[in-house]
Structure formats: structure tokens, C-alpha cells
Amino acid sequence: MDKNQQESRRSATREFISSLDTLKAVLRSDDSAQDSRQPAKSEAPVPQPPEPPLDGDLESLLDDAVRDIERFMSEQPSE
């Protein structure tokens, strides 16, 4: 494997991991927001339907992650 391929893979891997970290942070903030909206005491917890992202950030983050995965997979040698 030449150095250009190695560097390209490393770059794709860093971008992919960065996208996953960003996605993880968004999901954690969404979980925190949902926890704060839950009533303090409840005899039977009522499941809440998932709320759609308000500004589409989650969708764009998922799209970025998919693009990173696709690029990473396209650079993998087929064995």
C-alpha cells in the first residue's frame, strides 16, 4: 500500500470518527433534554414518541456519517 492510500484512509477514518463523536454528542444532548421534560414522579411511565429534530441537524449529521462510511468502504481493498 503506498503512502497516499494510507494517508487517504487515515484521513477518512479521522473524519468518520469525528462525525460519530459529533453524532454521539447530539444524541446525548437530546437524551438530556428528554430527561428534563419527564415528570418527577409517575406511577406508570408513559412512553414518549421520539421527537423529530427541530432544525434538521441530526439528519445532516447522519448524512455526513453515511458519506464518510461510504467513502471509507470504497477505499477498502476488495478481498
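These are my notebook entries on one predicted model.

**Ground rules.** I number residues from 1 along each chain as its sequence is written. The model is predicted, so I take local features only at pLDDT of at least 70 and side-chain atom pairs only at pLDDT 80 or more, while totals for chains, interfaces and linings use all residues, and side-chain values use heavy atoms, without hydrogens and water.

**Whole protein.** I looked up the secondary structure and found two helices and zero strands (DSSP runs, H or I of at least four residues for helices and E of at least two for strands, numbered from the N terminus). Of the 79 residues, 10% count as buried (under 20% relative accessible area, with exposed over 50% and partly exposed in between; 1.4 Å probe, protein chains only).

**Ser 19.** I found Ser 19 in helix α1, residues 3–37. Ser 19 is buried, at a relative accessible area of 13%. What does Ser 19 contact beyond its neighbours within four places in sequence? I noted Asp 64, Ala 65 and Asp 68 (contact means heavy atoms within 4.5 Å). With the side chain of Asp 68, the Ser 19 side chain makes a polar contact at 2.6 Å (a pair of N or O atoms within 3.5 Å; within protein, one must be able to donate a hydrogen and the other to accept it, and residues adjacent in sequence count only if both atoms are side-chain atoms).

**Helix α2.** I listed the buried residues of α2 as Leu 58, Leu 61, Ala 65 and Asp 68. Seen down the axis, they fall within an arc of 85°, so they line one face of the helix (the arc is that of the directions from the helix axis to the C-beta atoms). On the other side of α2, I found Glu 59, Glu 70 and Ser 74 exposed.
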